[in-house]
Amino acid sequence: MNALLRLWSVIDDRLGISRIVKPLMEHKVPPDSKWAYVFGSATLFAFMLQVVTGVALATIYVPSTNDAYRTLQYISDSALLGHWLRGMHYFGASMMIAFLGVHMLRVFLTASYKYPREGNWMSGVILLVCTLVMGFTGQLLRWDQDAVWSINIAVRQAARVPLLGPWLERFAYAGDRLNGATLTHFYDLHVFIIPAIMFAVIGLHLYLVVYNGISEPPRAGNPVDPKTYRQKYEALLKEKGVPFWPDAAWRDALFGSLVISLIIALAAIFGPPHLEKAPDPTLLHAYPRPDWYLLWYFAILALSPHALESIFMIVFPLGIFLSLFFLPVFFNKGERAPMRRPLW
Amino acid sequence: MSDEQNSIEKQNQDETPRPVEGMVDEIRRKFLILISLGAGAFATTAVTVPLLSFLLAPLFKRMPPVWRPVGKLEDFKIGDTVEVSFLDSSPLIWGGSAAKCAAWLRRDNQSSFTAFSVDCTHLGCPVRWEPQAEMFFCPCHGGVYYKNGDVAAGPPPDPLQQYPVRVNDKIVEVQWKVLPVVADCGCGPAGPSSNPRAMG
């Protein structure tokens, strides 16, 4: 044991791990940040699970229009525990989206996006978009009949964007229409480009969480004033703050572990999503539909009037994104208690 | 020369070059900054040109129209609408099934055919021909088309698009070509598109 401690001491002296990690672990957080604050870390745990299961799946999956479907069949039916692993990747994605939603709802309800945490919120909105894009591109990588026709549907929506539409259409298809490069383009997005963006933005998000501190639960009659907030927050931490580890982080560790366990259990019980028929565009008896988190939007498209349809397809999602992204720019001070403020 | 004079001279020698050295350092630093930024800009451009060209090439590469045989003339009964499949003109040899296309082909009379695109004009789901109803149905959002491809019900904004068909030496051929995803666009890399309502 002493030898191990000495070895650690030698390594730590050279790498300076303790000097970086210790202050992070011991930094003070508000004492009342309890169970409502565990959803952000649960989302991060789900993301980490997506990374490791995705890396494992990529050792077999071949992103080729000829082979992708067959390799997925192999993963699901023949590879040792491949069925379970694919299920974990699927339920991990669902959980990540679900907990991201709950986390954002908590931040919104407690108005934690107000000063000085505007950047936390805005980076979170970018992560929301990245997560949805990851979910959709992941569905396309199944490369079954559903995926092939889903690309058609996505392209037709992108094509309605004014001016940029035809370019987006060709970029999504990687050509004039579905072809050999379409799948590899989506694979590139799903495995390299979007994860790289997510790693960078998650890094920024976590840095801001530490730099600005975890928001204290809102108290009615205690509005945020950018001129005095930081002094008040520092005073609160000085008086009542508790160290992040273990006083606050134990809940994150416990809840995160439960979430991972739930994903593993769901994957074991229900398995991965069923692969539809082969990705052959000449098999016309198909009923393409997105995964559950976009199903509501897909259904609404049946109801929107002709004249408003393009507006609905483009302006509605863009409007939601812009409203969320710029929310703290316009409403960064005032009451945080949900019953004492208007919607924002 | 007295010791006093030597001392004054030495003091002068120590002091005079300093501003010049400072200026040289300043110029040297500016030069180093310039050469660092210049070399970095050159290297970045040298990487960006082939990288962007490679990535953006699909935006400009066009797939030419091509006539594809879909069956012998005698295989098609007058009045029947059947699914035919053929390959597009994709130059990517690894495309596999992604290069396959389908159309609903109807023999109108002895020598005339109509080939409907299988893509619903609403969001591109595959439409199905129902022979008893003599209509095309889209499974996604309930789009319905008449026998001639006109919209009967649901959200589709335009009639089904059509491919040109010809009979060449008793072989029926469909011309695969890029059909506009959004009708009446006339913009962007795909160039002006014809109004599908006017087609066929």
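**Helix packing and chain contacts in a predicted model**

In this predicted model, helix α3 (residues 39–58) of chain A packs against helix α5 (residues 82–109) of chain A at an angle of about 155°, with the axes 8 Å apart. Here axes are lines fitted to C-alpha atoms, for helices over the stretch in contact, and angles run from 0 to 180 degrees between N-to-C directions; helices (H or I, at least four residues) and strands (E, at least two) are DSSP runs numbered from the N terminus. α3(A) and α5(A) are therefore roughly antiparallel to each other, a term applied to angles over 145 degrees. By class, the contact of α3(A) with α5(A) has 15 nonpolar, eight polar and two charged residues, where Ala, Val, Leu, Ile, Met, Phe, Trp, Tyr, Cys and Pro count as nonpolar, Asp, Glu, Lys and Arg as charged, and the others, Gly among them, as polar.

Chain A as a whole has 13 helices and two strands, and of its 344 residues 37% count as buried, that is, with 20 or more other C-beta atoms, placed from the backbone, within 10 Å of their own.

Between the chains, 40 residues of chain A are in contact with 40 residues of chain B, contact requiring C-beta atoms, placed from the backbone, within 7 Å. The side of chain A that touches chain B draws at least two residues from each of α7 (145–158), α8 (165–173), α9 (180–212) and α13 (306–330) of chain A.

Residues are numbered from 1 along each chain as its sequence is written, and chains are lettered from A in the order in which they are written. Local features need pLDDT of at least 70 and side-chain atom pairs count only at pLDDT 80 or more, whereas totals for chains, interfaces and linings use all residues.

Key. Angles under 35 degrees count as roughly parallel, over 145 as roughly antiparallel, 65 to 115 as roughly perpendicular and the rest as oblique. Two residues are in contact if their C-beta atoms, placed from the backbone, lie within 7 Å. A residue is buried if 20 or more other C-beta atoms lie within 10 Å of its own, exposed if 12 or fewer, and partly exposed in between; C-beta atoms are placed from the backbone.
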